[in-house]
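Visitor: Can we go through the side-chain packing in this one? Let's have the model up first.

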Amino acid sequence: MHPILKNTIAVIAGLLIGGTVNSLLIMNSAKIIPPPEGADLTTTEGLTAAMALMEPKHFLIPFLAHALGTLVGALITAKIAASYAKELALFIGMMFFIGGTFMVMSLPSPLWFNVTDLLLAYFPMAWLGWKISGKKERLTKQF
């Protein structure tokens with residue numbers, strides 16, 4: 001298979017599988033840590049209204065969803081990639097970071113969560129996914 005095609009498939013697979021991990025955790029978060037009494041987390045409006053009632057424990061699953069989705073997506077991408085495994089894994093981190101930034105701008109979350117999420121859930125997890133993949137960094141010739 002041509003390396004460009006294989007790398008493209010790697011990125012698409014990483015985004016889809018990482019996104020699925022993220023979505024499954026978010027969709028099941030209320031079963032793991034019940035939301036505050038009377039909170040409706042099924043709509044953006046309900047989530048925004050419930051944000052003031054949220055305790056730190058309610059932010060654990062969203063953080064894990066972002067971090068594990070990125071980790072799995074980057075790992076899958078790095079494993080499949082024909083070349084540039086590290087760069088493509090970090091690209092996955094960047095794509096999830098863009099999504100995380102959009103969510104930070106859309107929902108009135110506490111500042112501590114926004115900072116923690118944006119600093120720890122995306123690029124560090126993408127790098128870790130690449131490391132776990134076992135793919136070596138490309139060495140460039142020094143002239």
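Visitor: What lies over the face of Trp130?
Guide: Lys86 does, at 5.1 Å from the ring centre. The rule for a charge over a ring: NZ of Lys or CZ of Arg within 6 Å of the ring centre and within 35 degrees of the ring normal.

Visitor: What sort of model is this, and how are residues numbered?
Guide: This is a predicted model, with residues numbered from 1 along each chain as its sequence is written. Local features need pLDDT of at least 70, side-chain atom pairs count only at pLDDT 80 or more, totals for chains, interfaces and linings use all residues, and side-chain values use heavy atoms, leaving out hydrogens and water.

Visitor: On to aromatics. How many pairs?
Guide: Six aromatic pairs. Rings of Phe, Tyr and Trp (its six-membered ring) pair if their centres lie within 6.5 Å; planes under 30 degrees apart are stacked, over 60 edge-to-face, the rest tilted.

Visitor: Why is the pair of Phe59 and Phe113 called tilted?
Guide: Because their planes are at 40°, with the ring centres 5.0 Å apart. The pair links distant parts of the chain, 54 residues apart. Phe59 is in the loop between helix 3 (44–50) and helix 4 (60–80), and Phe113 is in helix 6 (residues 111–120). Helices here are DSSP runs (H or I, at least four residues), numbered from the N terminus.

Visitor: Is Phe59 buried or exposed?
Guide: Buried, at a relative accessible area of 7%. Phe113 is also buried, at 7%. Buried means under 20% relative accessible area, exposed over 50%, partly exposed in between (1.4 Å probe, protein chains only).

Visitor: Which residues form a cluster through ring pairs?
Guide: Phe59, Trp112 and Phe113.

Visitor: Back to helix 6. Which residues are buried there?
Guide: Phe113, Asn114 and Asp117. Their directions fall within an arc of 100° seen down the axis, so they line one face of helix 6. That arc is taken over directions from the helix axis to the C-beta atoms.

Visitor: What do the buried residues of helix 6 pack against?
Guide: Helix 4 and helix 5. On the other side of helix 6, Leu111 and Leu119 are exposed.

Visitor: Last one, His58. Where does it lie?
Guide: In the loop between helix 3 and helix 4. His58 is buried, with a relative accessible area of 12%.

Visitor: What is His58 in contact with?
Guide: Setting aside neighbours within four places in sequence, His58 contacts Ile33, Pro34, Pro35 and Pro36. Contact means heavy atoms within 4.5 Å.

Note on methods: Helices (H or I, at least four residues) and strands (E, at least two) are DSSP runs, numbered from the N terminus.
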